[in-house]
Structure formats: C-alpha cells, structure tokens
Amino acid sequence: MNPKNGEAVSWSEEQKRFYKAFPHAHLEFNPTSLYAQNIVSEILARTGLSPDNKILEVGCGSGRFTLHLVQNGLRITALDFSKELLEKLEQVARHLGLEANQLRVQAGDISTSTELFNGEEFDSIIGIFFLHHLEDLRSGLKSLHRILKSGGDVIFVEPNRL
C-alpha cells in the first residue's frame, strides 16, 4: 500500500521502496566478512560448482555474497531488480579489477526470466537469502526452471534462526 495515496503497490515495488528507504550497509560486500565467506565456503563444499559452470545468482543485491563467489573462481551472472544495487555491485567489481567474463549483471524480475535472458540457460542457479522475498514462491520457481539447463542445480540458502 502506498502510504501517500493509499493505492495498491506491487510486491516488487514494495521491496524496491524498502531497500531505498533504509540504509542496508550490512548487505554490501565486505571482503573480510567471515559470515559471507563461511556461507560461500559451505555452498562450495556441498555442491559441484566449478569455474566451468554457467551460474545465475538471483537476488544478488549489491554483491554481499556474489563477489565472494567470484573470488572463489566462479563466473556469475548476477540478477536483481534494483538497478541502484547493481550499480554498487559493478562499482565494487571494477575496484576489485574483475573482468567481464567473471561477472555480468542483469537488472530485472525473475518473472520475466525467459525474456531477460533470451533463451539462455544456466547450469546452476543460486539464491542466497532470496526465497523469502518472493511474493509467489511457486511462480518464481517455475520462472527459474525455464532458464535452468536440464539436469542443472538449484541452490538456495535461507536465513533460519533455528
């Protein structure tokens, strides 16, 4: 709901507004973050991801985990609906001296994944702290399935205080 005029706002617009309205420095890339490093290490230890894989990270934000994945040798296509967060990610990537074949960013919503990637398919799709941001989980997963190669891997990490 738009607080100014009471009109209904889409879930993705509500998410965008939330991330614009409040500082989220804790979600930015930190090269010394043991928390992010540990999550990425667990992903790498529990999966068969390799530099040969074509990997899509959904909901990458400003690269909190993305850049750790890249620094571990993976080639990532980073997707987020926030152009502002993707600009931050690109700025840090340039500062780190990453090459275009290591990281590619794409702005958009997964609901239009087929159009966004024009038939391109990925070996693996990663989402770290992503699923709980989806308005319609079933629809979101179906959209991702359309761009996943047959036999591909889907890897999600979700926060859980338990």
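Helices (H or I, at least four residues) and strands (E, at least two) are DSSP runs, numbered from the N terminus. This is a predicted model, in which local features need pLDDT of at least 70 and side-chain atom pairs count only at pLDDT 80 or more, while totals for chains, interfaces and linings use all residues. Residues are numbered from 1 along each chain as its sequence is written, and side-chain values use heavy atoms, with hydrogens and water left out.

- Let's begin with the residues of H2 that are buried: Ala36, Ile39, Val40 and Ile43. They sit on the same side of H2, because they cover an arc of only 95° around the axis; the arc is that of the directions from the helix axis to the C-beta atoms.
- Turned away from that buried side is a face of H2 with the exposed residues Leu34, Ala45 and Arg46.
- The end C-alpha atoms of H2 are 18 Å apart, in agreement with the 18 Å that its 13 residues should span at 1.5 Å a residue; the expected span is 1.5 Å times one less than the number of residues.
- Ser33 belongs to the loop between helix H1 (11-21) and helix H2 (34-46), and its relative accessibility of 16% makes it count as buried.
- A polar atom of the Ser33 side chain lies 3.1 Å from the backbone nitrogen of Ala36.

**The nonpolar cores**

- A nonpolar core is a set of buried Ala, Val, Leu, Ile, Met, Phe, Trp, Tyr and Cys residues joined through side-chain atoms within 4.5 Å. The largest one here has 23 residues, and Ile76, Leu103 and Ile128 have the most contacts inside it.
- Two or more residues of this core come from each of H2, H3, strand S2 (76-80), helix H4 (83-96) and S4. H2 gives the largest share, 4 residues.
- Another core, of 13 residues, lies apart from it and has Leu56, Val58, Leu144 and Ile147 among its members.
- As for Ile128, its contacts include Ile39 and Ile43, along with Phe65, Leu69 and Val157, not counting residues up to four places away in sequence.

**Helix H6**

- Gly140, Ser143 and Leu144 are the buried residues of H6. Their arc around the axis is only 100°, so they are on the same side of H6.
- Those buried residues pack against strand S1 (55-58), H5, S4 and S5.
- Exposed Arg138, Lys142 and His145 are carried on the face of H6 turned away from its buried side.
- At the start of H6, the backbone nitrogen of Arg138 has a side-chain oxygen of Asp136 within 3.3 Å.

**Two loop residues with positive phi**

- Most residues other than glycine have a negative phi, which makes the next two worth a look.
- Asn118 has a positive phi, near 45°, and is in the loop between helix H5 (113-117) and strand S4 (122-128). Asn118 is exposed, at a relative accessible area of 72%.
- Phe129 also has a positive phi, near 60°, and is in the loop between S4 and helix H6 (137-145). Phe129 is buried, with a relative accessible area of 16%.

Note on methods. Buried means under 20% relative accessible area, exposed over 50%, partly exposed in between (1.4 Å probe, protein chains only). A polar contact is a pair of N or O atoms within 3.5 Å; within protein, one must be able to donate a hydrogen and the other to accept it, and residues adjacent in sequence count only if both atoms are side-chain atoms. Contact means heavy atoms within 4.5 Å.
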